[in-house]
Amino acid sequence: MDLPGLERLMAVCQRLKLELETLPPAREPLKAGSLLEGLPFDPVLASVYTRVGQARFATNLEGCGWVLRRSDDQVHDMEEETRRWGEMWWEEFGEPMIVFGGNIYTYATVPSLADARGWQPVVEVNTYEGDLLVMPVASNVDRFFDTYSRYLEAVVADPGYLETGEKELYFPWDATDILARDERLVELMRAGRFDALMKNSDDTTRRWAAKVMGSPA
């Protein structure tokens, strides 16, 4: 499977001199559709793990970078983290997900919202300081990579960053214009497909979602 979003994110990290570290894949990576904690493994994510066993993106840019969880012949962090989250959180959210990455927050795919190809949308999950907040961020994993690469470009081009060297744009809060380019994501949001997951949204989150959908706040 072609992964232009992943390739773009790697290229952006290299061009902007942001950290990019990868580990080789497992000899037999998880296959598309195979069950992980009873959930079908996303085909796009399966293709990612045929290329890398782990990846670190822009983690030298404080508050921006994130790590693709490791899954190779030695370490099964992605599988173990999905299991741990299932035990701790999925009942709270009412929807099981596959955890594949994160930093302070967690990135996961939502198997129940897969399209006809089996491609699963991506959400950011925030359980920090007791919050239980879910925000849709991409229609599929590779689109998430593409979106995040464009967010990183916006961060380093922002006048505040150029003046102080400190980021002033936060993902996904300050990436509504970038997220809105993902037409399938917007379509899913307008159709209410994420509503059950976003049941804990506050007014700020609802205004953010309205901006992504191009609706009045």
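This is a predicted model: local features need pLDDT of at least 70, side-chain atom pairs count only at pLDDT 80 or more; totals for chains, interfaces and linings use all residues.
Close-up 1. Helix 9 itself covers residues 203–213, and its buried residues are Thr205, Trp208, Ala209, Ala210, Val212 and Met213. In an α-helix there are 3.6 residues a turn, so residues three or four places apart point the same way.

Close-up 2. Thr109 lies in strand 7, which runs over residues 106–109. Its relative accessible area is 0%, so Thr109 counts as buried, the cut-off being under 20%. A polar contact of 2.7 Å joins the side chain of Thr109 to the side chain of Gln120. Beyond its neighbours within four places in sequence, Thr109 is in contact with Gln120, Pro121 and Val122, with Met97, Ile98 and Phe100, and with Asp42 and Val141.

**Close-up 3. Leu23 beside Val52.** Leu23 belongs to strand 1 (residues 20–23). With a relative accessible area of 29%, Leu23 is partly exposed. Leu23 and Val52 are separated by 29 residues in sequence, while their C-alpha atoms are 5.7 Å apart in space. When residues up to four places away in sequence are not counted, Leu23 touches Val52, Gly53, Gln54 and Arg70.

Methods:
Residues are numbered from 1 along each chain as its sequence is written. Side-chain values use heavy atoms; hydrogens and water are left out. Helices (H or I, at least four residues) and strands (E, at least two) are DSSP runs, numbered from the N terminus. Buried means under 20% relative accessible area, exposed over 50%, partly exposed in between (1.4 Å probe, protein chains only). A polar contact is a pair of N or O atoms within 3.5 Å; within protein, one must be able to donate a hydrogen and the other to accept it, and residues adjacent in sequence count only if both atoms are side-chain atoms. Contact means heavy atoms within 4.5 Å.
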